[in-house]
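Visitor: I'd like to learn how to read sheets and helix packing. Could you walk me through some cases?

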Amino acid sequence: MDTSASSTVRSFLSLLYEPGDVLEVRAPKCRERAGSSFASTVSGYFNDHDAAAEAIAKLDTSGLAPGVYVTLNPVRPDLLARAANRLRPKASETTADADVPRRRWMLVDVDPVRPAGVSATDEELSLAERRTVDIRVHLAGMAWPEPAVCMSGNGYHLLYRVELPGNDDGAVRAALTSLADRFSDDAVAVDRSVFNPARIIKAIGTVARKGDDLRGQLGVPDRPHRRSEIVHAPENIGVVTPEMLASLAEPTAKPVVAVPAGDRFPADPAGVRSWLEARGVSVKGERRNGTKTMLLLERCPVDPAIESTGGSDIAVLIGDDGKLAYCNKHSRGADFTWHDLRRAVDTEYAARGAVDTGVDLSGILGEAAEEARDDRPPDPADPGPLPPEMLRLPGFVGEVMDHCLRTAPYPNQTLAFCGALALQAVLAGRKVRDPGDNRTNLYLLGLAHSSAGKDQPRKVNSRVLQEVGLAGAIGERLASGEGIQDSLFATPAMLFQTDEIDTLLQSINRSRDARFESMMSTLLTMYSSANSIYPMRRRANNPDPGVIDQPCLVLFGTAIPNHYYAALSERMLTNGLFARMLIFESGPRGAGQEPDVADPPPRVLDTARWWADQTAGDGNLAGSYPSPKTVPQTPEAKRLLVELREQSEREYADAESRSDAVATTVWGRVSENARKLALLYAISENHREPEIGAAAVRWASHVIVHQTTRMLFMAAGHAAETPFDELALRAMRKLRESPGKTLRHSVLLKRMKIDSRSFHDLMETLIQRSDVRAETVATAGRTALLYRLAEKEGEEGVNEGGPECGL
């Protein structure tokens with residue numbers, strides 16, 4: 001076994017156990033010698049963890065065992081007498097559940113589904129990795145602490161720290177069952193069986209040897225033996241509380257499908273199953289697929305001659321959000337919809353006025369669209385783009401803007417403001433804070449079309465930082481989460497300037513690739529760590545990687561507006577990055593000019609150099625462990641900040657009462673964002689003796705509230721969960737932008753650029769939801785059909801998507 005792998009084993013034991021803990025090392029089906037057909041269980045107990053690591057390494061190197069394992073939790077100390085710090089072949093006694101007095105870990109074991117006794121292909125392993133990321137993101141959203149992550153050779157392990165008795169009354173089992181129900185499907189499975197306290201786990205650092213080490217066989221994918229490894233080990237692992245476990249295990253409340261009065265049923269698997277079986281539909285099984293549950297049917301309720309040939313060929317789909325659909329993969333039943341199923345099992349269904357549009361819209365609409373419409377939240381008002389007079393600060397920021405506008409071929413005030421604000425933010429990074437410990441780190445996004453002046457602010461910032469000796473603080477591409485971490489570790493205050501924000505957001509939105517998930521996680525955590533520490537990831541060859549003390553990551557991104565809006569989705573809007581980002585729209589490109597070729601003004605360079613020379617604290621370690629200067633607030637400023645906080649709390653509570661996840665996410669950051677901007681206003685106005693006054697707070701409050709309202713309005717008009725959503729929102733935008741909010745059928749069809757059948761289905765849906773009204777007008781010789789946007793109705797009416805059949 002190589003030295004690095006042996007070190008990984010020792011690091012893994014240090015992760016699981018405290019000094020002096022007794023653990024069992026076990027190797028099932030271990031052969032006596034190479035070529036021997038006889039195999040037995042090898043087992044030993046260790047309180048000397050170095051000796052355990054050495055024994056594991058020796059056994060792994062021999063290749064005699066398919067795998068080497070250790071107990072997940074420490075065992076009773078008196079078991080050491082079975083085989084003290086040594087391995088014993090032909091062991092008849094191993095650790096039982098009663099031998100584990102306390103649970104220290106909960107294991108989430110994620111493996112690709114494959115034939116028994118074989119290793120995973122690279123593609124299968126990649127599927128397990130992506131599912132692991134999904135689980136981590138889901139649990140992080142429930143406030144669970146960060147887990148340790150390991151690649152087991154054929155799958156992935158998530159290790160969550162717990163403090164529970166060996167007999168935990170089923171808490172871990174219930175939590176794992178909940179995760180398996182949500183995340184297991186035909187491709188990847190979350191192991192439900194690893195709940196018992198005496199569970200053994202792969203000794204990370206050893207090789208997984210299931211089946212033959214299959215490589216290079218023509219026409220057969222490689223199934224190689226792999227060495228397991230530690231992917232991520234947090235510096236400080238938080239404990240999952242019993243309350244967190246219980247919350248995960250609790251069934252999620254599901255909405256009720258909007259069906260006609262007198263025939264309502266819960267839109268969850270149990271409720272739909274009961275409804276079906278009460279009407280004579282035989283349900284043969286139940287299966288999870290991502291965020292949906294499939295009820296597998298024996299035969300087609302619409303055409304009983306079509307019988308299931310196995311699997312999920314005939315099924316009713318129930319989304320976790322309560323949406324319903326019917327799926328029949330047989331050629332004779334491929335066109336059947338949920339409406340058809342309802343009519344087949346409920347003879348009164350058509351009589352109650354159900355409308356068949358030819359597509360399965362029941363999961364989108366329900367059958368009481370008009371009733372549901374009344375319960376929608378009011379449309380967010382559109383405040384329009386931020387007034388130009390708000391895009392300026394006194395002092396340094398304004399002076400940098402003037403230089404940028406004077407030297408740009410196409411002056412753009414919005415982008416010049418964003419660039420100058422970003423420059424001020426990074427110069428003051430880790431050097432100042434307000435009384436609430438808010439820092440200057442910002443994520444700024446300027447929206448502008450191509451050739452609208454996006455390059456000049458970046459060039460100005462790079463030139464100024466280079467002139468004052470801070471060229472190392474300039475970053476460009478956001479290649480990966482690890483790359484961002486490494487850059488900040490070397491230079492703890494950095495300005496990343498990129499024109500790839502829209503591409504990045506689309507990649508994160510459409511892909512569950514671990515690289516993009518890691519980048520998203522890094523951006524979110526780095527932002528929140530500005531007034532604390534950011535622990536670096538642990539590597540096998542570096543068990544003590546250190547931390548970044550008070551990192552200041554400033555992001556100045558630009559994007560083309562329609563590309564940015566195309567990247568919006570509910571996932572993007574609610575994961576926190578959207579709320580942390582200040583978005584400024586530049587509008588149409590202005591007139592060009594013959595720009596000056598000029599160096600940055602001496603006054604700008606003098607101020608920037610002053611910031612570069614500042615140290616936050618005393619002594620040689622001030623750069624590594626700064627003590628930022630606190631910028632005071634006037635009494636009036638404090639009062640205004642309290643008023644803003646109370647206003648944002650009221651908006652948050654209102655959004656929470658409406659279950660508006662996007663609005664709660666955005667309003668939850670308003671107070672913090674305004675305090676950051678007020679701090680930047682003060683230090684721009686007077687860098688030597690700054691004070692946060694009423695003018696700073698009024699400006700910051702105006703900007704943030706305006707931008708928050710604008711963000712919500714734009715999100716409502718562009719964010720789509722499904723392709724159907726996107727079409728619906730696009731149609732409504734076309735109507736809103738037309739004179740009288742009205743278009744003829746033929747005109748709207750041409751502008752939508754979709755086939756006539758899809759257009760018919762789309763407009764029928766919008767009419768049923770009362771988003772759009774259909775009107776007829778008499779013209780010369782014929783009657784014309786018009787579509788008019790319903791008064792006071794907006795895009796929130798189309799915020800659900802129908803489940804797809806192709807699973």
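Predicted model: local features only at pLDDT ≥ 70, side-chain atom pairs only at ≥ 80, totals over all residues.

Visitor: What is the strand order in the open sheet of five strands?

Guide: Helices (H or I, at least four residues) and strands (E, at least two) are DSSP runs, numbered from the N terminus. Two strands pair if DSSP finds at least two bridges between them. Here the order reads β19-β20-β23-β18-β24, and the pairing is parallel. The edges are β19 (474-475) and β24 (581-585), each with a single partner strand, so one side of each has no neighbour in the sheet. Looking at one pair, β18 (residues 443-447) joins β24 in the parallel sense over five bridges. Gly446 has Phe584 in β24 as its bridge partner.

Visitor: Which strands does helix α13 touch?

Guide: Contact means heavy atoms within 4.5 Å. Helix α13 (residues 481-490) packs on this sheet, touching β20 (493-498) and β23 (552-559). Axes are lines fitted to C-alpha atoms, for helices over the stretch in contact, and angles run from 0 to 180 degrees between N-to-C directions. On that scale, the direction of α13 makes about 140° with that of β20.

Visitor: And how does the open sheet of four strands pair, parallel or antiparallel?

Guide: Antiparallel, in the order β13-β14-β15-β16. Its edges are β13 (283-289) and β16 (324-328); each has a single partner strand, so one side of each is left without a neighbour in the sheet. Ignoring direction, neighbouring strands are turned by 25° against each other on average. Within it, β14 (residues 292-297) and β15 (residues 314-319) share five bridges, and Leu296 sits opposite Ala315 in β15. Helix α7 (residues 338-345) lies across β15 and β16, at about 90° to β16.

Visitor: At what angle do α25 and α26 pack?

Guide: Two packed helices are described by the angle between their axes and the distance between the axes. For α25 (residues 745-752) and α26 (residues 756-768), that's about 110° and 11 Å. So α25 is roughly perpendicular to α26 (65 to 115 degrees counts as that).

Visitor: Which residues of α25 meet α26?

Guide: His745, Leu748, Leu749 and Met752 in α25 meet Ser756, Phe759, Leu762 and Met763 in α26.

How values were computed
Residues numbered from 1 in each chain as written. Heavy atoms only, no water. Parallel < 35°, antiparallel > 145°, perpendicular 65-115°, else oblique.
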